[in-house]
Amino acid sequence: MRDRAELVIIGGGVLGLSLAYHLARMGLGDIVVIEQGYLCFGASGRNGGGVRQQWSTEDHIRLARRSVAIYRRLAAETGFNIWFRQGGYLFLSRDAVAAATLERNVKLQNSLGLRTRLLSPAQARRLVDGLDTSGVELCAYNPDDGVLFPWPVVWGLARVATSLGVEINTFCRATAIDVQGGRIVKVVTDRGAVATSRVVNAAGGWSSQVARLAGVELPNRPYRHEILVSEPLKPFLEPMVCDLADGTYFSQTMRGEICGGLSDPLEHSSLNTSSSLRFLSRMSASLLRLLPRLGGVKILRQWAGYYDETPDGNPVLGRTAGVEGFIQLNGFGGHGFMLAPAVGQIMAEWLLRRVREPLVERYGLERFSSGQLQRETLVIG
Amino acid sequence: MGKVIVCRCEDVTLEDLRQAFAAGHRDLESLKRFTGLSTGFCQGKCCAAHAGRFLAELRGGDDMVCDPTRTRPLLHPTPAACFAAIASGEAPDQEDA
Ligand SMILES: Cc1cc2nc3c(=O)[nH]c(=O)nc-3n(C[C@H](O)[C@H](O)[C@H](O)COP(=O)(O)OP(=O)(O)OC[C@H]3O[C@@H](n4cnc5c(N)ncnc54)[C@H](O)[C@@H]3O)c2cc1C
């Protein structure tokens, strides 16, 4: 392992790697990435691959749209087929309040150039063969949203970054961050130390733990989120379907599997990735309520990962007051994969050019003490 | 020698594993994710042990012990209806499923 670097990134998930990828392509390759497991060990190897632009805040809409543009060319840029399929996202609402939210969001999304439109339950049934829309009030559909396969994204970013000089150390854990006189001087790992003046905390569900290595408290908390896949089926399901009532979502992967999860109001913050029968049964019931004809389809596998949650559902980005050189890139909840390309690019520009970046300022850690929160309301799963 | 298939569900060959190893994937979890090995219908029951042995050979020397991949439910692919019935409190009906 190198013993010094311009920048150390703790966390080899999609956020850390997207940052490394963009920085390296802009000319800063003197980066060491530290990952405690194998690549794909964290949430970036455990997620559903959903990429949607249907959001309720302008920031998220713009970031997601920019990410979609990057994902569309990422296979060519990295030489890895990421299996990005733009089959759309279909949101279902079941009461007047949720329907009003969809209406408001669609207006905002249209004003920013997205092709989202409202659909009646009957129109939704034409889109998804066999969809049971009883109790559904109103739907929203965007044909440009989609799903991808997360693993090759991670491999692709890692391979290009490595070829441009980034050193990625797997099975290597950051155990201490040495801060002297309010400045970062080095990162200590279980495989040696790296002298550096800048450290990025891209540790996902472990972000609060890693921040504590530098004596910093983050409001982020990890929550287990479970997910499952079925046996592969012939392609029949175009869009990702999301039910706002209970946060159920499912899509068909390019391998043919039905892949999905749902919210669990009883889940409390923990570092636990065990699988539960509770999830398996609730998810199966919810899936069959929406697509009754899947009753005989076999479930193959279930697993879990972390949502790194913040109090307002927005990420934590940028500088850390009191610790010069400590940069946050975490708090992406259940939607980090779809924002990672754009956020990585913006953070790379911010770090290299040292210009003011409104987005990074808006999502700084200070907002939690100053009370200026901008809440994202369209969070699912 | 012709094509040797290690993972029949996902069509992963010995050569695929060799290439993944050469690309730096030296543990079974990474090999699984890089090649798709063990992610099909049998969930690794048919291939994981063979792949583990092959990986140990490739590693050679003192590095021959390799951990299996983390075991994940389900033990056997099972119809969604069986589990939906648990959530609704109804007895699972094997015949329907
Ligand atoms: C089941 C599930 C489904 C999801 N579905 C979607 C979806 O459809 N669309 C979407 O956009 N998002 C989804 N998400 C969220 C998405 O996966 C995450 O937001 C995203 O992957 C976060 O990336 P990350 O790089 O911040 O974190 P991670 O991928 O978790 O990476 C952080 C890494 O830091 C490493 N690390 C931690 N501590 C240390 C240390 N001390 N030293 C060294 N390394 C360390 C960890 O091992 C980990 O690999 C889902 C998440 C889950 C769990």
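Analyst: The side chain of Gln36(A) places an N or O atom 3.0 Å from an oxygen atom of the ligand. This is a predicted model, and every distance here is computed from it. Asn47(A) also takes part through its side chain, where an N or O atom is 3.4 Å from a ligand oxygen atom. Gly50(A) contributes through its backbone instead: an N or O atom there lies 2.8 Å from an oxygen atom of the ligand.

As for the surroundings, 39 residues surround the ligand. Gly50(A) is among the closest, together with Glu35(A), Ser44(A), Gly336(A) and Met338(A).

For the fold of chain A, consider two helices. Helix 1 (residues 14-25) and helix 2 (residues 58-78) of chain A have axes that come within 14 Å and cross at roughly 65°, so helix 1 of chain A is roughly perpendicular to helix 2 of chain A. The crossing is left-handed. On the side of helix 1 of chain A, the contact is made by Val14(A), Tyr21(A), His22(A) and Arg25(A). Helix 2 of chain A supplies Ile70(A), Tyr71(A), Leu74(A), Glu77(A) and Thr78(A). By class, the residues of this contact between helix 1 and helix 2 of chain A are 5 nonpolar, 2 polar and 2 charged.

Terms used: Residues numbered from 1 in each chain as written. Chains lettered and ligands numbered in written order. Predicted model: local features only at pLDDT ≥ 70, side-chain atom pairs only at ≥ 80, totals over all residues. Heavy atoms only, no water. Axes fitted to C-alpha atoms, helices over the stretch in contact; angles between N-to-C directions. Helix = DSSP H or I, 4+ residues; strand = E, 2+ residues; numbered from the N terminus. Parallel < 35°, antiparallel > 145°, perpendicular 65-115°, else oblique. Left-handed = near helix turned anticlockwise from the far one by under 90°. Contact = heavy atoms within 4.5 Å. Nonpolar A, V, L, I, M, F, W, Y, C, P; charged D, E, K, R; others polar. Near = heavy atom within 4 Å. Polar contact = N/O pair within 3.5 Å; in protein donor to acceptor, adjacent residues only side chain to side chain.
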